[in-house]
Amino acid sequence: MSHTSRRAVLLGAGALTALPASGWSFERDGNRKVLVFAGNQGVPVLDPHVRYDWSTRMIQQSVYDGLLKYVGAPPRIIPWLAERYEESADGLTYTFHLVGNAKFHNGDPLDAEAVRFSFERGLRLNAGIAWMLKDFLKPENIAAVDARTVRFTLDRPFAPFISYVPWWYIVNPKQVAANTVDGDHGRRWLTENAAGSGPFKLRRFDGNTLIHLDTVPDYWKGWPMGEANRLSGVIYRLLREAAPRRAALQRREIDFGTNFSPDDLEQMARLPGVAIENHAGFTTFGIKFNCQQGPTADINLRKAIAHAFDYESLITIHNGGARLMDSPFPTGMAGHVSVPDMPRKDLEKARAFLARSRVPNGDIELEYVHVQGLEDARRIGLALLDSLRALNIRVNIVGQPWTTMVARGSKPDTAPNMTSVYVTPVGTDPDTVAYQYHRDSWGLYYGMSHYENPEVWAMIAEARGMVDQTRRMAIYAEVQRRIVADQPELFGMIANRTWARRDYVKDFEFSPIRFTGEVDLYPLWIQG
């Protein structure tokens with residue numbers, strides 16, 4: 001793979017049609033290589049305190065750093081900007097001690113004030129990540145004790161605190177202040193710009209087409225593959241449909257890709273030079289019902305659909321690379337219980353629930369929305385369509401861009417009847433799943449069901465602040481049972497996490513805590 005051939009691929013006719021006609025190229029830095037990664041999902045908002053999903057967070061974690069970081073399988077938390085931390089015996093105070101050499105891309109030192117500012121900003125914006133900590137931490141209770149020490153004092157104990165810290169990325173206060181307009185805390189500017197300290201920096205950002213990252217040669221953490229082998233940069237290329245991604249990988253127009261169908265992966269596994277990554281993960285697939293508006297606001301209709309669905313089709317679609325959910329919590333997560341009477345295909349039960357619904361004879365059409373270009377989700381829609389024929393219910397299968405789908409699902413009056421969603425827990429604590437069913441998650445992509453049960457909400461809130469782990473887990477067991485009883489979604493399966501890459505891409509590391517297509521770009525390099 002020579003410099004000339006790679007450049008020709010990147011700049012050639014049809015390869016990157018959204019590139020400007022002139023003034024842009026992907027020249028290498030001497031013999032260094034550019035890794036090209038393709039996915040089906042854009043990155044509309046880069047601000048690390050405002051939004052996260054798999055494609056967004058993959059870029060965020062490339063240009064920003066956190067105090068701690070998740071790595072490996074099973075997932076573990078390791079020091080990053082913080083070289084160590086201490087927790088008080090009462091569970092109220094956490095003190096982090098920072099490394100001494102971290103710096104932002106513009107050369108400013110990353111100190112305790114930058115950490116304090118970033119956590120305060122995330123809380124005050126009250127978007128994206130804020131839900132993780134806002135009920136337990138006030139901005140005024142974050143203190144920069146000295147240049148390398150930050151202290152967090154919680155209002156009350158919060159068991160999941162450390163599990164959420166890795167996702168609070170640190171921004172440069174000076175850059176944010178310089179780009180704040182009308183008191184927006186730099187939100188408008190950070191939508192498409194970065195103020196980070198991570199291993200990569202932005203060269204070009206077009207969230208709907210292509211993102212080009214340059215490596216930071218003197219990255220404070222160093223490069224695990226060594227200076228000689230580090231990349232020149234990474235290109236994230238948006239290819240919404242699976243067929244072009246597959247063809248691009250085969251032609252070496254991309255080096256790494258995600259969101260391939262199981263059939264695609266089987267075919268590509270037989271090709272020389274292609275490696276398939278296939279790992280059991282935590283990512284659940286569910287069909288979120290709109291519980292507030294339209295026909296699916298009727299619990300009996302939701303239960304009818306849940307008992308009419310052919311669950312085995314999920315396993316077939318994934319060529320055996322999935323396991324059915326037996327709880328809203330993924331198997332292997334702390335607090336998980338197998339819920340009795342989890343719905344499975346039973347047409348007698350389905351028809352009985354339908355008879356008790358507002359549409360006892362069916363004869364309605366429901367919309368099922370999936371991410372455009374996500375073939376597995378489209379095929380699941382076909383299985384749903386086929387299953388609901390037995391109830392005289394028609395299904396309109398609609399593929400939409402991720403951003404459109406999430407925008408529609410953010411409000412009950414615009415959310416589809418049914419929305420297919422993959423959800424990866426953002427931490428190892430059960431709160432990371434349970435809180436998806438809390439009122440405060442309405443409007444977020446995993447809260448598109450707009451599920452309502454004040455008793456369950458209260459239990460989730462109580463469990464978050466408990467120190468007694470035995471009592472906590474007992475509450476989560478009851479939460480799981482009650483959520484299943486309310487059927488806010490059709491609980492599907494946990495599919496294996498899969499990617500395809502050229503075999504010259506080295507040192508990929510899987511971690512189930514990362515989102516569906518998300519890859520940690522930092523350790524990757526290209527051999528040869």
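Mentor: A crossing is left-handed if the near helix is turned anticlockwise from the far one by less than a right angle, and right-handed if clockwise. Helices H15 and H16 cross in the left-handed way. This model is predicted, with local features needing pLDDT of at least 70 and side-chain atom pairs counting only at pLDDT 80 or more, while totals for chains, interfaces and linings use all residues. Residues are numbered from 1 along each chain as its sequence is written, and side-chain values use heavy atoms, leaving out hydrogens and water.

Trainee: What makes a stretch a helix or a strand here?

Mentor: Both are DSSP runs numbered from the N terminus: helices are H or I with at least four residues, strands are E with at least two.

Trainee: Why is H15 called roughly antiparallel to H16?

Mentor: H15 (residues 454-464) and H16 (residues 469-486) pack at about 155°, and their axes are 10 Å apart. Axes are lines fitted to C-alpha atoms, for helices over the stretch in contact, with angles running from 0 to 180 degrees between N-to-C directions. Under 35 degrees is roughly parallel, over 145 roughly antiparallel, 65 to 115 roughly perpendicular, and the rest oblique. The angle therefore makes H15 roughly antiparallel to H16.

Trainee: Which residues of H15 and H16 meet, and what kinds are they?

Mentor: From H15 come Glu455, Val456, Met459, Ile460, Glu462, Ala463 and Arg464, which meet Arg471, Arg472, Ile475, Tyr476, Glu478, Val479, Arg482 and Ile483 of H16. Contact means heavy atoms within 4.5 Å. These residues divide into eight nonpolar, no polar and seven charged. Nonpolar covers Ala, Val, Leu, Ile, Met, Phe, Trp, Tyr, Cys and Pro; charged covers Asp, Glu, Lys and Arg; the others, Gly among them, are polar.

Trainee: How do you know how H9 runs relative to H11?

Mentor: The axes of H9 (residues 299-308) and H11 (residues 347-355) are 8 Å apart, and the angle is about 165°. That value makes H9 roughly antiparallel to H11. Here too the crossing is left-handed. H9 brings Asn300, Leu301, Lys303, Ala304, His307 and Ala308 to the contact, and H11 brings Leu347, Lys349, Ala350, Phe353 and Leu354. The contact of H9 with H11 divides into seven nonpolar, two polar and two charged residues.

Trainee: Why is alanine 477 called buried?

Mentor: Buried means under 20% relative accessible area, exposed over 50%, and partly exposed in between, using a 1.4 Å probe and protein chains only. Alanine 477, in H16, has 10% relative accessibility, so it counts as buried.

Trainee: What makes threonine 498 buried?

Mentor: Its value is 18%, and so threonine 498 counts as buried. Threonine 498 sits in strand S19. Leaving aside neighbours within four places in sequence, threonine 498 is in contact with Thr258, Phe260, Leu265, Glu277 and Asn278. S19 (497-502) is also among the elements that the buried residues of H7 pack against.

Trainee: How do you know that the buried residues of H13 are on the same side?

Mentor: In H13 (residues 402-409) the buried residues are Trp402, Met405, Val406 and Gly409. They cover an arc of only 95° around the axis, so they lie on the same side of H13. The arc is that of the directions from the helix axis to the C-beta atoms. Their cover includes strands S15 (364-371), S16 (393-400) and S17 (418-423).

Trainee: Is glycine 447 buried or exposed, and what does it touch?

Mentor: Its relative accessible area is 2%, so glycine 447 is buried. Not counting residues up to four places away in sequence, glycine 447 touches Gln436, Ser441 and Trp442. Glycine 447 and glycine 409 are 38 residues apart in sequence and 8.2 Å apart in space, C-alpha to C-alpha.

Trainee: What makes the backbone at histidine 185 and aspartate 507 worth a look?

Mentor: Most residues other than glycine have a negative phi, and most peptide bonds are trans. Histidine 185 has a positive phi of about 55°, and aspartate 507 one of about 70°. Histidine 185 is partly exposed because its relative accessible area is 33%, and aspartate 507 is partly exposed at 47%.

Trainee: Which peptide bond is cis?

Mentor: The bond joining alanine 73 and proline 74 is cis, with omega about 0°. Proline 74 is in the loop between strands S2 (68-71) and S3 (76-79).
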